[in-house]
Amino acid sequence: MDITTAEQAALKLTVVVASNREGRFAPVVAGWFLSRAREHAGLDIEVLDLAEAELPTTISHRPSPAVAAQLSVITPKLAAADAFVVVTPEYNHSFPASLKNLIDWHYTQWQAKPVGFVSYGGISGGLRAVEQLRQVYAEMHAVTVRDTVSFHNAHGLFDEDGAHREPSQADAAVKKMLDQVAWWAHALRDAKKARPYAG
């Protein structure tokens, strides 16, 4: 069976690192995930780290020059993506304000694209944040995939070099989640070429 050019084209995956908290654990989890994601065939990966973004919580259709400059870097990464993976902690039973702010500054950039999740936290492993994000992304017309990668009591799972101490289950979870993200990304990209999304 011949593979079409569209099927051969790498999927553009934007990985959103959601935490911007001082002393955050996000670089450890994100670094580990990215090392696995880069082994997954057919992905062209871009990273959007919200610790490097300075979007105000006052959303405007006429942003200041400084905010417009920030958006000129951030928005194209979202617009060009075929899919997203969000790496998020759980703060107070929810997800970081920095992530909600990013979502709210954009709209069409999320539409008809799949979103996967890598979450971390204490006993819940960030899953309460993920469940809330599913509702938010549904409002953005995005498709969240079922399977997640979740780290319970995350600080104890990684060594001082950022390596997972017992990676076999986590590695399998990454593959399963990315396989689902890639399936939806191909399906939705092909569908949008045949017919514009009715957002």
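Residues are numbered from 1 along each chain as its sequence is written, and side-chain values use heavy atoms, with hydrogens and water left out. Because the model is predicted, local features need pLDDT of at least 70 and side-chain atom pairs count only at pLDDT 80 or more, whereas totals for chains, interfaces and linings use all residues. Helices (H or I, at least four residues) and strands (E, at least two) are DSSP runs, numbered from the N terminus.

Helix α5 comprises 13 residues, 127–139. The expected span of a helix is 1.5 Å times one less than its number of residues. Within α5, the residues Ala-129, Val-130, Leu-133, Arg-134, Val-136 and Tyr-137 are buried; buried means under 20% relative accessible area, exposed over 50%, and partly exposed in between (1.4 Å probe, protein chains only). An α-helix has 3.6 residues a turn, so residues three or four places apart point the same way. The cover over the buried residues of α5 includes β3 (83–89), α4 (97–104), β4 (114–121) and β5 (143–144), where contact means heavy atoms within 4.5 Å. After α5 comes His-141, with a positive phi near 65 degrees.

Nine aromatic pairs are found in a search of the whole structure. Rings of Phe, Tyr and Trp (its six-membered ring) pair if their centres lie within 6.5 Å; planes under 30 degrees apart count as stacked, over 60 as edge-to-face and the rest as tilted. One of the pairs, Trp-32 with Phe-151, is edge-to-face, at 5.4 Å centre to centre and 90 degrees between the planes. This pair links distant parts of the chain, since Trp-32 belongs to helix α2 (residues 26–37) and Phe-151 to strand β6 (residues 149–152), 119 residues apart. Trp-32 counts as buried at 3% relative accessibility, and Phe-151 is buried as well, at 2%. Trp-183 and Trp-184 also form an edge-to-face pair, at 5.1 Å centre to centre and 85 degrees between the planes. Here Trp-183 counts as exposed at 55% relative accessibility, while Trp-184 is partly exposed at 34%. Trp-32 and Phe-151 also belong to one aromatic cluster with Phe-25, Tyr-120 and Phe-158. Elsewhere, Arg-21 lies over the face of Tyr-91, at 3.6 Å from the ring centre; a charge sits over a ring if NZ of Lys or CZ of Arg is within 6 Å of the ring centre and within 35 degrees of the ring normal.

Side chains of opposite charge can pair when their charged atoms come close. The whole structure contains 10 salt bridges, a salt bridge being a side-chain nitrogen of Lys or Arg within 4 Å of a carboxyl oxygen of Asp or Glu. In the salt bridge between Asp-49 and Arg-24, the closest N and O atoms are 2.9 Å apart. Asp-49 lies in strand β2 (residues 43–49) and Arg-24 in the loop between β1 (11–17) and α2, so the pair ties together parts that are 25 residues apart in sequence. Asp-49 is buried at 14% relative accessible area, whereas Arg-24 is partly exposed at 22%.

Strand β2 also holds Glu-46, which is linked to Lys-77 in helix α3 (residues 65–80), 31 residues apart. Glu-46 counts as partly exposed at 37% relative accessibility, and Lys-77 is partly exposed at 22%. In a further salt bridge, Arg-189 and Asp-82 have their closest N and O atoms 3.3 Å apart. Arg-189 lies in helix α6 (residues 168–194) and Asp-82 in the loop between α3 and β3, so this pair ties together parts 107 residues apart in sequence. Arg-189 is buried at 11%, and Asp-82 counts as buried at 15%.

Asp-147 is found in the loop between β5 and β6 and counts as buried at 14% relative accessibility. A network of salt bridges links Asp-147 with Arg-146 and Lys-176. The side chain of Asp-147 makes polar contacts with the side chains of Arg-146, at 3.2 Å, and Gln-180, at 2.4 Å. A polar contact is a pair of N or O atoms within 3.5 Å; within protein, one must be able to donate a hydrogen and the other to accept it, and residues adjacent in sequence count only if both atoms are side-chain atoms. Not counting residues up to four places away in sequence, Asp-147 touches Lys-176, Met-177 and Gln-180.
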